Amino acid sequence: MSAVSTAGDREPGPDIQPDKALRRDMPLVPASSIAGRALVIVIAIMTFLACLTAGGAILVATASQDWRGEVSREVTIQIKPAPGQDIEAAVAKAAETARTAPGVADVRALSKQESEQLLEPWLGNGLDLTELPIPRLIIVRMLDLKAPDIAALRNALAAQAPGASLDDHRLWLARLDTMADAIVIFASLLFLLMISAMTMAVGFATRGAMAGNREIIEVLHFVGAADSYISRQFQAHFLRLGLRGGLIGGALAALFFAGASALSAWWTSSVGGEEIGALFGAFSLGPRGYGAILAVAVAIAVLTGAISRIIVYRHLRRLQ
Amino acid sequence: MGVEVVRDLSFSIKPQSFQFLTGPSGAGKTTLLRLMLLSLKPTRGIVKIFGQDASTLDKDEITGFRRRIGVVFQDFRLLDHLTTYENVALPLRVMGRAEASYRAEVVELLRWVGLGERMNALPAVLSGGEKQRAAIARALIARPELLLADEPTGNVDPGLARRLLRLFVELHKSGTAVVIATHDLALMDQFGEARRLVVGDGRLQIFDGDSP
């Protein structure tokens, strides 16, 4: 029925076996351009920074959970020496009381010598502390329960060992919690800022790519391409750029954390290392953290594709 | 508002008809073709396409109509990063058809227009005549109801021009309305029964062709 099939002087019986070497699925938006490479670099840097903040927030959040667990399971009983009191008997009595209280896992009374050693950093060694009224400490580890029954222990102590005071570190815990929460909120804000900056960069790049490919868009329109089809082509193009940039940035961030984890052993032995260790834990992100980095990289790629599609579609709708 | 290129002219392209659109350079041939292709809107007057007023069409309808129109541009408008095969297959590709479903068709048409050996070549390495043939093949591949061609034989030797004209005539016989803008008198004389639309000074004169 077509002119082509009824044409008389066609080359006889052409071999219509598909040519193996036939190139046939080149993307309609040219893959390589200087602007494209620049966008990949911008996305890689943004992804790297976004993964660093996300990973940092995860480290702090995990570490703070560890403190909460550690600190809230441990309480300290303090017994201050009073005139005419047998402090050893008081310590033994308080330890016994604690041992029989509900929810207690382990009780360890520090000896007089251990208590004195605790003061050494402040008072120096070589002092004779025997004359000083040094308070004695009993460390009580509670069972691993969600809400250890500190009140019961406090009541038991008040009844059986007057003069013993209980410190459940709640004040410390609240401070650490506040600090960790502040760091996580700050990191989340940074993360949002970076995503917004990246969204804008992708927007500019998309508009640039559309201006650079105006001829292609026009030809596609003339050969009957719908706006949705054209915007899908741009989306695919930017998704590829986004994936490349996202994976490069994500891989660099993963390498950074892996390197930091390896180096953290050195840090812990140095001055200030313990503080860093307390804040970030072992600096080890764990599978969840690396999963988050991969998720951020992929999400950034998908976001890049989606943003460009929306912009292209809107732009095409305005062209009439 | 720009200069009025053509004014107060009325004509219709009947289904399955064949006409040359001719006139001196700058007379408005390309403008008329663009009006028919819906890439220009008239400042006044009505363009009706496939029985519908073009000014009432939304974008999706325009897309639908463009799939029924094949167009050969004077400057070819091949996409530089696509091979000859990919350029010619473009109208079928944008319809969402699977590549395997049209491969044989495209290869056959490319061989017919003499580009069988140039399927993987990029436009940058094609000669003017080869680009011309690729542009024509792209316009024909979707078997349009209306074919608009702007100087389609401008860059080819007389022998190939005759062969391409025969292709357009075959297409017309199989049911496509053909409009060829040209000022090549020799070409028009080869198909005397075609109608001639002559633009000049913004006006249009219509000469019916010899009876077939």
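1. A word on the source before anything else. This is a predicted model, so please read every angle and distance below as a computed value from that model.

2. Let me begin with the domains of chain A. Domain 1 takes in 31-68 together with 174-318, while domain 2 covers 81-162. Between the centres of domain 1 of chain A and domain 2 of chain A, taken over C-alpha atoms, there are 51 Å.

3. Which helix does H2(A) cross at roughly 145°? The partner of helix H2 (residues 34-72) of chain A is helix H10 (residues 286-318) of chain A, and their axes come within 9 Å. The crossing of these two helices, H2(A) and H10(A), is right-handed. On the H2(A) side you will find A:Ile43, A:Thr47, A:Ala50, A:Cys51, A:Ala54, A:Gly55 and A:Ile58. They meet A:Gly289, A:Ala292, A:Ile293, A:Val296, A:Ala297, A:Ile300 and A:Thr304 of H10(A). By class, the residues of this contact are 10 nonpolar and four polar, with no charged residue.

4. Next, the sheet of chain A. Four strands make up an open, antiparallel sheet, in the order S2-S3-S1-S4. Its edges are strand S2 (104-109) and strand S4 (164-167) of chain A, each of which pairs on one side only. On average, neighbouring strands of the sheet are turned by 20° against each other, direction ignored.

5. Within that sheet, have a look at the pair S1 and S3. Strand S1 (residues 74-79) of chain A and strand S3 (residues 136-142) of chain A are joined in the antiparallel sense by six bridges. Helix H5 (residues 150-160) of chain A lies across S1, S2 and S4 of chain A, and runs at about 170° to S4(A).

6. Now the contact between the chains. Chain A gives 29 residues to it and chain B gives 35. On the chain A side, helix H1 (3-6), helix H7 (214-222) and helix H8 (227-268) each supply at least two residues. The largest share of that side comes from H7(A), with four residues. Sorted by class, the side of chain A that touches chain B has 19 nonpolar, three polar and seven charged residues.

7. Chain B also has two assigned domains: domain 1 (1-68 + 144-212) and domain 2 (79-143). Their centres, taken over C-alpha atoms, are separated by 23 Å. The domains touch through 10 residues of domain 1 of chain B and nine residues of domain 2 of chain B. On the domain 1 side, strand S5 (146-150) and helix H6 (158-173) of chain B each supply at least two residues, and H6(B) has the largest share, three residues. That side counts eight nonpolar residues, one polar and one charged.

8. There is a hairpin in chain B to check. Strand S7 (residues 195-200) and strand S8 (residues 203-207) of chain B pair in the antiparallel sense over five bridges, with B:Leu197 opposite B:Ile206. Two residues lie between the strands, and B:Asp201 in the turn has a positive phi of about 55°.

9. B:Phe50 has a positive phi, near 45°, and sits in the loop between strand S2 (48-49) and strand S3 (52-53) of chain B. B:Phe76 has a positive phi as well, near 65°; its place is the loop between strand S4 (69-72) and helix H3 (84-94) of chain B. Are these residues buried or partly exposed? B:Phe50 counts as partly exposed because it has 14 C-beta neighbours inside 10 Å, whereas B:Phe76 is buried, with 22 other C-beta atoms within 10 Å.

10. Last, helix H3(B). Why can H3(B) be called largely enclosed by the rest of the structure? Because 11 of its 11 residues are buried; among them are B:Tyr85, B:Glu86 and B:Arg93. After H3(B) comes B:Gly96, which has a positive phi near 90°.

Conventions. Residues numbered from 1 in each chain as written. Chains lettered and ligands numbered in written order. Predicted model: local features only at pLDDT ≥ 70, side-chain atom pairs only at ≥ 80, totals over all residues. Domains from an automatic or database assignment. Axes fitted to C-alpha atoms, helices over the stretch in contact; angles between N-to-C directions. Left-handed = near helix turned anticlockwise from the far one by under 90°. Contact = placed C-beta atoms within 7 Å. Nonpolar A, V, L, I, M, F, W, Y, C, P; charged D, E, K, R; others polar. Pairing = 2+ DSSP bridges. Buried ≥ 20, exposed ≤ 12 C-beta atoms within 10 Å, placed from the backbone.
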